[in-house]
Amino acid sequence: MEIKMDLISEDKINSMGSTEKLRFILDGVKSGNIVILEGGLTSEEQMKLIELTMTEVSDDFPGIEISGYQAKRSFFNLRRKPRLTVIGPAKVMRTIKKDKDLISAVVSAV
Amino acid sequence: MKLRKRRKGILSRLLRALFFRKVPAKIGIYGPPNAGKTTLANTIIHTFVDENEDIGVSTEVPHETRRAVRKEGVLIDLKSKSVQNPYLNVSPDSNVTSTAEQKPREGKSKLKLDIVDTPGLATKIDFHDFMAFGLEEKEAKKRAKEATEGVIEAIKWLDDIDGVLLLMDATEDPYTQTNIVIIGNLEARSIPMIVVANKMDLAEAAPQRIADAFPQHTVIPISALKGENMGELYMEMARRFR
C-alpha cells in the first residue's frame with residue numbers, strides 16, 4: 001500500500017483562513033495522507049485541529065498523530081513563530097522520538 | 001483579529017484580577033490520559049475538604065474521566081496539619097526546581113479555589129485500546145465516543161480557567177505534542193500554570209527530564225497517589241494562583 005505525503009508551502013497555508021486551513025489538513029489526513037506544513041501551525045491552531053479531529057473520530061478514523069518543533073520566539077521574544085508541523089492518520093503514523101530539533105516517526109501501511 | 005481577541009483576554013483577566021476577584025479562581029487539572037489528574041484532584045479534596053469524598057474514579061483504563069468535574073470553594077490551608085506534616089514535604093529529587101523553602105507570608109496561608117478535574121487530552125482515541133482492558137466492543141465504542149466528547153470539553157474549559165496544574169507522568173517522555181500544545185496555549189492566553197511531575201514514587205520516574213524539557217516553567221515533583229511532596233505543590237499553588 002502506498003502512502004502519499006503532501007508537503008505544503010508556507011505561502012499556501014498562509015493564503016487560507018483558519019477554518020479552511022484546518023479543514024484542508026484534516027481532509028488530507030482522513031484520506032490517508034501525511035501532511036507536512038512548512039511554517040507549521042501555532043499552538044492555538046493545533047488545539048483547534050485536535051478539537052475538530054475529535055468531532056470526526058469514528059471506528060475507521062481513530063484520530064491523528066501530530067508532531068512539530070516548538071515555536072521559535074521572535075520580535076523581541078514576544079511573537080512565537082511555529083516552524084514545521086507533521087500530521088498523519090494515527091492508524092499509520094507513530095512518533096517514536098522527539099526533541100527540540102528532531103522528530104522521528106514510523107509510517108506503516110495497514 | 002486574533003491578536004485583538006487575545007489582548008482582550010489578557011486585559012479582562014488583568015481587570016478581573018485587580019477589581020473583581022471576589023469569586024475563587026478556577027484551577028484546571030490538565031494533562032494527557034493516565035497522568036493521574038483525578039488521583040491528584042482526589043488527594044486535594046481528601047486533604048482540604050473531606051477525606052471520604054472523591055471527585056472521580058481513577059483506574060488504569062485511560063479516559064476514565066470523560067466529563068469535567070468542578071469542586072467549588074476548596075479552601076487550601078497551608079497551616080493545616082496535613083500540609084505541615086514533614087513526611088509529605090520530602091522532595092527526594094533535590095535537582096528539580098524546588099520552592100519548598102519559601103514559606104507563605106503570615107495571613108496569606110489560606111486560599112479558596114475551585115478545582116476542575118478535566119478529561120485527558122489526546123489526539124487519537126481508538127476503541128481497540130479499551131478492548132485491550134477487557135471491555136466488550138460495544139462498551140469500548142461507547143467509551144471512545146464519550147472520550148472524544150471529553151477532550152472537546154477539556155479544551156472548551158480553557159476559556160473559563162484562571163490557572164492550570166499541568167500534570168505529566170514522570171515515568172514517560174514529557175516531550176509529547178499534547179504537552180507542547182497545552183503549554184503553548186496556556187502561554188498564549190497568559191494563564192498561570194504549574195507543571196506537576198507525577199508518579200515520583202515509581203523507580204523509573206525522572207522528574208528532571210520534565211524540568212529539562214520545559215525549563216521556562218516551575219516543575220514540582222509529587223506522588224498524588226502516595227501524597228508525597230504535596231506541601232510543596234500547595235505552597236506553589238498559593239503563590240501562583242492567589
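Read along the sequence, chain B runs α-β-α-β-α-β-α-α-β-α-β-α-β-α. That is eight helices and six strands. Helices here are DSSP runs of H or I with at least four residues, strands are runs of E with at least two, and both are numbered from the N terminus.

A word on the source. This is a predicted model, where local features need pLDDT of at least 70, side-chain atom pairs count only at pLDDT 80 or more, and totals for chains, interfaces and linings use all residues. Residues are numbered from 1 along each chain as its sequence is written, and chains are lettered from A and ligands numbered from 1 in the order in which they are written.

Staying with chain B, 43% of its 242 residues are buried. Buried means 20 or more other C-beta atoms within 10 Å of the residue's own; exposed means 12 or fewer, partly exposed is in between, and C-beta atoms are placed from the backbone. Of the chain B contacts with a separation of 6 or more, 79% are between residues 24 or more positions apart. A contact is two residues whose C-beta atoms, placed from the backbone, lie within 7 Å.

Now the sheet in chain A. Strands of a sheet pair through backbone hydrogen bonds, either parallel or antiparallel. Here four strands form an open sheet in the order β1-β2-β6-β3, with mixed pairing. Two strands pair if DSSP finds at least two bridges between them. β1 (5-8) and β3 (64-68) of chain A are the edge strands, each pairing on one side only. Neighbouring strands are turned by 15 degrees against each other on average, direction ignored. Strands β2 (residues 34-38) and β6 (residues 84-89) of chain A run antiparallel and are joined by four bridges. A:Leu37 has A:Thr85 as its bridge partner in β6(A). Helix α2 (residues 18-30) of chain A packs on this sheet, touching β1, β2, β3 and β6 of chain A, and its direction makes about 45 degrees with that of β6(A). For all such angles, axes are lines fitted to C-alpha atoms, for helices over the stretch in contact, and values run from 0 to 180 degrees between N-to-C directions.

Next, the contact between the chains. Which chain gives 17 residues, and which gives 23? Chain B gives 17 and chain A gives 23. On the chain B side, α5 and α6 (177-188) are the elements that give two or more residues. α6(B) gives the most, with six. By class, that side has nine nonpolar, five polar and three charged residues. Nonpolar is Ala, Val, Leu, Ile, Met, Phe, Trp, Tyr, Cys and Pro; charged is Asp, Glu, Lys and Arg; the others, Gly among them, are polar.

Helix α3 (residues 43-56) of chain A meets both of those helices. Its axis comes within 9 Å of that of α5 (residues 137-157) of chain B, and the two cross at roughly 150 degrees. So α3(A) is roughly antiparallel to α5(B); the cut-offs are under 35 degrees for roughly parallel, over 145 for roughly antiparallel, 65 to 115 for roughly perpendicular, and oblique for the rest. The residues in contact include A:Met47 and A:Ile50 of α3(A) and B:Val151 and B:Ile155 of α5(B). They divide into six nonpolar, two polar and one charged.

With α6(B), the α3(A) axis is 8 Å away at an angle of about 125 degrees. That makes the pair oblique. A:Met47 and A:Ile50 of α3(A) are among the contact residues here, as are B:Val181 and B:Ala188 of α6(B).
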